[in-house]
Amino acid sequence: MNKIFYIANWKMNKTFNDSESFINKLVPTLDNADDKEVVICPSFISLAKLDSINRFDESVRLSFGAQNVSDQKYGAFTGDISVEMLKDTLSKYCIVGHSERRMLYGESDIQINKKIKLLIEFGFVPILCIGESLEQRKNNEGEMIISNQLSSCLRDVSTKRLIIAYEPIWAIGTGQSATVNDISQMNSNIKKQMNKLGYMDDQFYILYGGSVNIDNVKVLKTAKHINGFLIGGAALEVEKFLELIKR
Ligand code: PGA
């Protein structure tokens with residue numbers, strides 16, 4: 001698959017007004033190339049309010065995603081957002097297993113696996129984040145960690161469309177991205193592992209995330225098996241984000 005995704009993970013940034021003004025600037029300048037898909041993952045609140053505005057023209061190639069979802073269908077889970085609630089929004093995608101959620105909220109592969117199953121049941125495309133820590137990398141455990149994360153997060157999962165985002169923890173928000181070689185090597189490992197799990201090459205996309213910016217995106221695009229990027233910091237300013245997409 002030759003498509004390139006540019007997925008903006010806004011994390012806990014931008015009020016609804018900020019989100020709306022970003023999108024108002026973004027939409028008229030987006031080129032509607034078939035091989036590019038731009039996805040914005042704002043806060044749940046912005047997702048819901050953007051939906052109520054409902055003025056997105058079908059011809060605009062802009063999609064939306066959530067940053068998280070509950071691993072339970074409904075019930076006494078204070079503060080959580082269920083997959084059925086996500087259906088009330090514009091989202092088509094949902095990030096799961098981001099390292100911030102794994103580290104700060106103790107999310108396990110078992111929970112991530114439940115989230116992925118629910119998302120698929122309700123027609124969403126999961127964006128599964130995987131990645132090794134600096135210590136694991138130093139101990140040469142990166143490939144093993146990634147393979148284990150894939151097999152546990154995707155246990156008994158069957159779907160025709162899945163996005164895997166390789167995000168080495170040491171590269172997220174540090175300004176130090178992985179090299180093309182690092183990414184190519186890991187992507188080959190991811191592809192091998194996905195094939196082993198029964199996925200054909202046209203059933204999954206592999207993205208890279210971790211300090212992607214205007215200066216390195218062009219080079220990172222040359223990595224093997226790469227289908228795009230999950231972008232944090234460099235997706236917060238509309239001009240910079242647009243420039244990054246164009247490179
Ligand atoms: P970053 O974040 O681009 O700011 O490194 C990426 C991510 O956390 O998805």
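**Contacts and their cut-offs**

Analyst: Start with a salt bridge: the side chains of Glu100 and Lys11 meet at 2.8 Å, N to O. This is a predicted model, in which local features need pLDDT of at least 70 and side-chain atom pairs count only at pLDDT 80 or more, while totals for chains, interfaces and linings use all residues. Residues are numbered from 1 along each chain as its sequence is written, and side-chain values use heavy atoms, leaving out hydrogens and water.

User: Why is the contact of Glu100 and Lys11 called a salt bridge?

Analyst: The term asks for a side-chain nitrogen of Lys or Arg within 4 Å of a carboxyl oxygen of Asp or Glu. Glu100 and Lys11 are at 2.8 Å, so the pair qualifies. Glu100 lies in helix α4 (residues 99-104) and Lys11 in the loop between β1 and α1, so the bridge ties together parts 89 residues apart in sequence. Helices here are DSSP runs of H or I with at least four residues; strands are runs of E with at least two; both are numbered from the N terminus.

User: What makes Glu107 count as buried or exposed?

Analyst: Buried means under 20% relative accessible area, exposed over 50%, and partly exposed in between, with a 1.4 Å probe and protein chains only. Glu107 has 9%, so it is buried. Its salt-bridge partner is Arg101, with the closest N and O atoms 2.8 Å apart. Arg101 has 24%, so Arg101 is partly exposed.

User: How do you know that Arg101 sits over the ring of Tyr105?

Analyst: The rule wants NZ of Lys or CZ of Arg within 6 Å of the ring centre and within 35 degrees of the ring normal. The charged end of Arg101 is 4.2 Å from the centre of the Tyr105 ring. Lys14 also lies over a ring face, that of Trp10, at 5.2 Å from the centre.

User: Why is the pair of Phe5 and Tyr93 called edge-to-face?

Analyst: Rings of Phe, Tyr and Trp (its six-membered ring) pair if their centres lie within 6.5 Å; planes under 30 degrees apart are stacked, over 60 edge-to-face, the rest tilted. Phe5 and Tyr93 have centres 6.1 Å apart and planes at 85°, so the pair is edge-to-face. Phe5 is in strand β1 (residues 4-9) and Tyr93 in strand β4 (residues 91-96), 88 residues apart. Both are buried.

User: What makes Phe22 and Phe241 a tilted pair?

Analyst: Their centres are 6.0 Å apart, with 45° between the planes.
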